[in-house]
Amino acid sequence: MRKKILIVEDDVLLVKAISYEFEQENFEVFTAGNGEDGLAMAEQHLPDLILADINMPKMDGLAMLKALRATEWGKDMLVIMLTNYSDEQRVLEALSQKAFYYLVKSDWDLSQIVAKVKEKIGQ
Amino acid sequence: MPAKISNSVPGISAGELDKTKDVYRSLQEKLEYLFDSLAREKINLELQMIEAKKFRLAVDSASDNIVITDAMGTIFYINKATEKNTGFTFDEAVGKNPKELWGGHMPKEYYAEMWNTIKVKKEVFVGQFDNVRKNGEKYIAAVDISSVLDEYGEILFFVSIERDITREMDIERMKDEFVGLASHQLRTPLTGIRWFSELLLRNKYQNLNEEQLNFLEQIKISNQRMIKLVNELLDISHIETGQKFEIKKVDFKVNDVLQEVLTENISLIKTKALNIVNKIPDNLLIFADYVKIRQVLSNLVSNATKYTPETKDVVIGALPDDGKGFTIISVADQGIGIPAPQQSRLFEKFFRADNARIQEPNGTGLGLYIAREIIRAHGGEMWFESEENKGTVFSFSIPIKIN
C-alpha cells in the first residue's frame with residue numbers, strides 16, 4: 001500500500017513542486033487549496049499525514065487543525081505545519097493542537113521534507 | 001564733587017586750616033575712588049544682565065522642552081517649546097509638579113528610579129516617558145534630567161530637557177512592520193525558486209549539460225543568499241519591535257549541533273584544506289534552543305572558515321562549567337582579525353570591518369548582531385578577542401544542562 005499524503009497549500013506553484021516530489025517518491029498525493037477543502041479531503045481519503053500551510057483563504061491552517069482535532073477520525077491524524085512565518089505565537093498554537101512538527105518552507109529542501117515525512121510514517 | 005575750601009577763614013589759624021584741607025583732600029580722593037568703583041560695578045552688572053537675558057532668550061526659544069524645578073520638583077520655569085508642546089502656559093505650570101500637568105503616567109517604580117538617580121546619586125537620568133498634553137493627547141518624550149548643585153553639593157534645582165519623539169517612534173514601528181511584512185511575502189517566491197531548482201538539479205533524466213547544471217547551481221546559491229538575508233531581516237524586525245526571541249529550551253549535545261554546522265560548511269573547509277580541531281567534550285550538554293544555537297554556531301563557524309587562510313586552524317572548544325551554571329563555548333580562527341579601531345563596533349547592526357568587506361563584499365553585517373541577541377535571550381553573553389592578521393576568538397556563555 002502506498003502511503004497517502006494530503007497537501008493543503010494555497011500557492012499553486014508550491015503545490016506543484018511538492019506534490020511532484022512526493023509522487024516521485026511513490027506516495028499517493030492529494031491536494032487542497034484552503035483549509036475548508038483540506039478538511040473535506042482529509043475525511044474522504046484519511047491520509048497518513050497532512051502537510052498544511054498556515055496562511056490560507058477561507059479557512060486558515062490553524063482553524064483547519066482545530067476543526068480536525070474536534071473530529072473522531074481526525075483527532076490523532078499526523079500533521080506537519082508548513083509556514084512562511086517564524087511567528088512564535090502561531091507555531092505554539094499549532095503545536096498545542098498536536099501538530100507534531102512545523103517548518104518554515106523557505107528553509108527546507110524538498111528532499112529534507114520527504115525525509116522528515118518518511119521518518120514519521122515510513123514508506 | 002566735594003566743595004572747594006577757601007584758603008583763608010577768619011578765626012582759624014593757617015596750620016589748622018592746612019590740616020582740615022588735608023582731611024578734605026583725602027576724603028575727596030576716597031569718594032572719587034568709590035565713585036569709580038561704583039561706576040565699574042554698574043557696568044559689570046549691566047553686562048551680566050545682558051548675559052542673563054541672552055541665556056534666558058536662548059533657553060526660551062530652544063526647540064526642546066526645558067523645564068526647571070526646585071529640589072522638591074516644583075516648577076519655576078518652562079520654556080516656550082514646553083508651552084507649545086504640552087499646551088500648558090508658563091503661568092499654569094509654575095508652582096506645580098510635572099505629575100499634575102503632563103506627567104504621572106508611568107509606573108511608580110519608574111519615578112522612584114528617576115528620583116533615586118537625580119536626588120540621591122545626583123547623576124543624570126536618561127529615560128523615556130509616556131506623557132499627556134493638556135488636550136488629552138498622548139506623547140512620548142525622551143528625557144534627560146540633571147541636578148544643578150551648589151558649592152556644598154546640595155541640590156539647587158533640576159533641569160529637564162525633553163524631546164517629543166512620538167512621530168519618530170511611529171515611523172520606526174512602521175518601518176519594522178514593513179520589513180516584517182515584506183520579508184514574509186518574499187519567502188513564498190523564494191521557496192518556489194528553491195524547490196524547482198532542486199528538482200531540476202537532481203537531473204534524474206540526465207538531460208542537462210554541465211554548463212546548464214552550473215547555471216542552475218548559481219541560481220541555487222543566489223537563492224540561498226536571499227533566503228538567508230530575508231531570515232536575518234525578520235530576526236532584526238523581531239528584535240527591533242521588542243518581541244523577544246521565543247526560546248524553546250531543550251537539553252542537547254553541543255557536538256550534535258556542531259556536526260550539523262560543520263557539514264554545512266564542509267565544501268569550503270575542504271577547498272581551503274582547513275584544519276578543524278574540535279575540543280568540545282562529547283558529553284557536554286546544554287539547555288538551550290536547538291535551532292537558535294545552531295544559527296549562532298553556524299554564524300561563528302562560517303565566519304571562521306571564510307576569513308581563515310588555507311591550511312590554517314579553526315579550533316572549537318569549551319570551558320565546561322564556569323561555576324554559575326554556564327559553559328563557555330569558543331570558536332578560534334587564524335584569520336584576518338578585526339582592526340583594533342573597529343573592534344568596539346563589531347556587534348553593531350550592519351557594521352562590517354574594512355578588511356572583511358574587502359575579502360567578502362557580500363556580507364550583510366547582521367549575523368553577529370543577531371547571534372549576540374540570541375545568546376542574550378538565553379541569559380548568556382557573547383564577546384571576542386582579536387588581533388589583526390593573527391586571528392579572532394569568539395566566545396559565548398550558555399546554560400548547561402541542570403541535573
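Predicted model: local features only at pLDDT ≥ 70, side-chain atom pairs only at ≥ 80, totals over all residues.
Reader: What pairs with β4(A) in the parallel sense over four bridges?

Author: That is strand β5 of chain A, residues 101-104. For a landmark, find A:Thr83, which stands opposite A:Val104 in β5(A).

Reader: Where does β4(A) sit in the order of the open sheet of chain A?

Author: Read the order as β2-β1-β3-β4-β5, five strands with parallel pairing. The edges are β2 (28-32) and β5, each of which pairs on one side only. From one strand to the next, the twist averages 20°. Helix α1 (residues 12-24) packs on this sheet, touching β1 (4-8) and β2 of chain A, and its direction makes about 165° with that of β2(A). Helix α2 (residues 35-45) lies across β1, β2 and β3 of chain A, at about 170° to β1(A).

Reader: Which helix makes a β-α-β unit with β3(A) and β4(A), and is the unit right-handed or left-handed?

Author: The helix is α3 (residues 61-69) of chain A, and the unit is right-handed.

Reader: Is β4(A) mostly covered or mostly open?

Author: In a regular strand the side chains alternate between the two faces of the sheet. In this model β4(A), residues 78-83, is mostly covered, with five of its six residues buried.

Reader: Now the cores. How many residues has the largest nonpolar core?

Author: The general idea first: in soluble globular proteins, nonpolar side chains tend to be buried together. The largest nonpolar core here has 39 residues, and among those with the most contacts inside it are B:Val296, B:Leu300, B:Ala371 and B:Ile398. Elements of chain B that give two or more residues to this core include α7 (254-264), α9 (290-307), β10 (326-333) and β12 (391-399). The most comes from α9(B), with seven residues. A second, separate core has 32 residues, including A:Ile7, A:Val8, A:Ala42 and A:Leu49.

Reader: Which residues are in contact with B:Ile398, leaving aside its neighbours within four places in sequence?

Author: Among them are B:Ile286, B:Ile293, B:Phe326, B:Ile329, B:Ile375 and B:His378.

Reader: What is the strand order in the open sheet of chain B?

Author: Its five strands run β7-β9-β10-β12-β11, with mixed pairing. The edge strands are β7 (275-278) and β11 (382-387), each pairing on one side only. Here the twist averages 15° from one strand to the next. Within this chain, β10(B) and β12(B) run antiparallel and are joined by seven bridges, and B:Ser330 stands opposite B:Ser395 in β12(B). Helix α9(B) lies across β9, β10 and β12 of chain B, running at about 25° to β10(B).

Reader: Last one: how many residues does each chain bring to the contact?

Author: Chain B brings 14 residues and chain A brings 16. On chain B's side, α5 (166-202) and α6 (210-240) each supply at least two residues. The most comes from α5(B), with 11 residues.

Methods: Residues numbered from 1 in each chain as written. Chains lettered and ligands numbered in written order. Buried ≥ 20, exposed ≤ 12 C-beta atoms within 10 Å, placed from the backbone. Right-handed = clockwise from strand over helix to strand, strands pointing away. Pairing = 2+ DSSP bridges. Contact = placed C-beta atoms within 7 Å. Core = buried A, V, L, I, M, F, W, Y, C linked by C-beta atoms within 7 Å. Axes fitted to C-alpha atoms, helices over the stretch in contact; angles between N-to-C directions.
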